[in-house]
Amino acid sequence: MKKLILAFAFLIMLAGGTVSLLKYMSLGPFEITPEELAAQQAEEATKEKTKALFESRPRYIEMDPIQVPVFQDNDVAATIMIHYKLEVLNVDNERLVAKSQRRLGDALLKDFSFYIPRTLRNNKTLDVTLVKYRILMTANKMLGKDVVNDALIQAMTSTADN
């Protein structure tokens, strides 16, 4: 009786292995017909197009606002606040920017702490385009070229502390 049960278990394992091998190699009843192959390839192409369309869509990452104090005669003359978003083109760049968001904000604060007072010393106004290019320059230097596609300045406000 034991031999019969062992032989039956061995036969079932052998049949299962054979079916798995036939399915893996697409042989016998599991053979893929040309119509099924064409349908699979069309489905793969559709998935690739959808994935490429999804990944190439611009993504906007809301960054923490930057507050830059402007000193004049050992006193804070004004505080400039910049609200901005960064535009990236794919998911990998979005993850990279999100991961290094605090470091980038710190680098921008350091850069603007020198740039804004120097600019305001020569001009009475701050050009939004120059601030945008300054953000892009710092982001490219820190994260690498072509990670950040664009910087969108949402608001730039100045509060004069008197």
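Residues are numbered from 1 along each chain as its sequence is written, and side-chain values use heavy atoms, with hydrogens and water left out. Because the model is predicted, local features need pLDDT of at least 70 and side-chain atom pairs count only at pLDDT 80 or more, while totals for chains, interfaces and linings use all residues.

**Helix H3**

Helices (H or I, at least four residues) and strands (E, at least two) are DSSP runs, numbered from the N terminus. Helix H3 covers residues 91-99, and its buried residues are Val 91, Asn 93 and Val 97. Here buried means under 20% relative accessible area, exposed means over 50%, and partly exposed lies in between (1.4 Å probe, protein chains only). Seen down the axis of H3, the buried residues fall within an arc of 160 degrees, so they line one face of the helix. The arc is taken from the directions from the helix axis to the C-beta atoms. On the face turned away from the buried side are the exposed residues Asp 92, Arg 95 and Lys 99.

What does Asn 90 reach at the start of H3? A side-chain oxygen of Asn 90 comes to within 3.4 Å of the backbone nitrogen of Asp 92.

**Salt bridges**

Side chains of opposite charge can pair when their charged atoms come close. A salt bridge is a side-chain nitrogen of Lys or Arg within 4 Å of a carboxyl oxygen of Asp or Glu. The structure holds seven salt bridges. The table gives three of them.

| Glu 94 | Arg 59 | 3.5 Å |

The salt bridge of Glu 94 and Arg 59 links distant parts of the chain: Glu 94 is in helix H3 and Arg 59 in strand E1 (residues 59-62), 35 residues apart. Glu 94 is partly exposed, with a relative accessible area of 26%, whereas Arg 59 is buried, at 11%.

Asp 92 and Arg 95 both lie in helix H3, three residues apart, which is about one turn of the helix. Asp 92 counts as exposed at 54% relative accessibility, and Arg 95 counts as exposed at 56%.

Are Asp 111 and Arg 134 buried or exposed? Both are buried.

**Pockets**

Rolling a probe the size of a water molecule over the atoms shows where empty space is left. On a 1 Å grid over the protein atoms alone, a pocket is an open set of points where a 1.4 Å probe fits, with protein on both sides within 12 Å along at least five of seven lines; lining residues have an atom within 4 Å of a point. Grid points are joined across faces, edges and corners, and a volume is the space filled by probe spheres set on the points.

The largest pocket has a volume of about 330 Å³. Its lining has 16 residues, and Val 70, Leu 120, Arg 121, Asn 123 and Lys 124 lie nearest the centre. Strand E2 (66-71), strand E3 (76-88), helix H4 (101-122) and strand E4 (150-160) each supply at least two residues of this lining. By class, the lining has nine nonpolar, five polar and two charged residues. Ala, Val, Leu, Ile, Met, Phe, Trp, Tyr, Cys and Pro count as nonpolar, Asp, Glu, Lys and Arg as charged, and the others, Gly among them, as polar.

The second largest pocket holds about 150 Å³ of space. Residues of its lining include Met 63, Tyr 84, Arg 102 and Leu 109. H4 gives the most to this lining, with five residues. The lining divides into five nonpolar, three polar and three charged residues.

**Other contacts**

A polar contact is a pair of N or O atoms within 3.5 Å; within protein, one must be able to donate a hydrogen and the other to accept it, and residues adjacent in sequence count only if both atoms are side-chain atoms. Thr 119 is found in helix H4 and is buried, at 12% relative accessibility. A polar atom of the Thr 119 side chain lies 2.8 Å from the backbone oxygen of Tyr 115. Asp 150, in strand E4, is buried at 17% relative accessibility. The side chain of Asp 150 makes a polar contact with the side chain of Lys 132 (3.3 Å).
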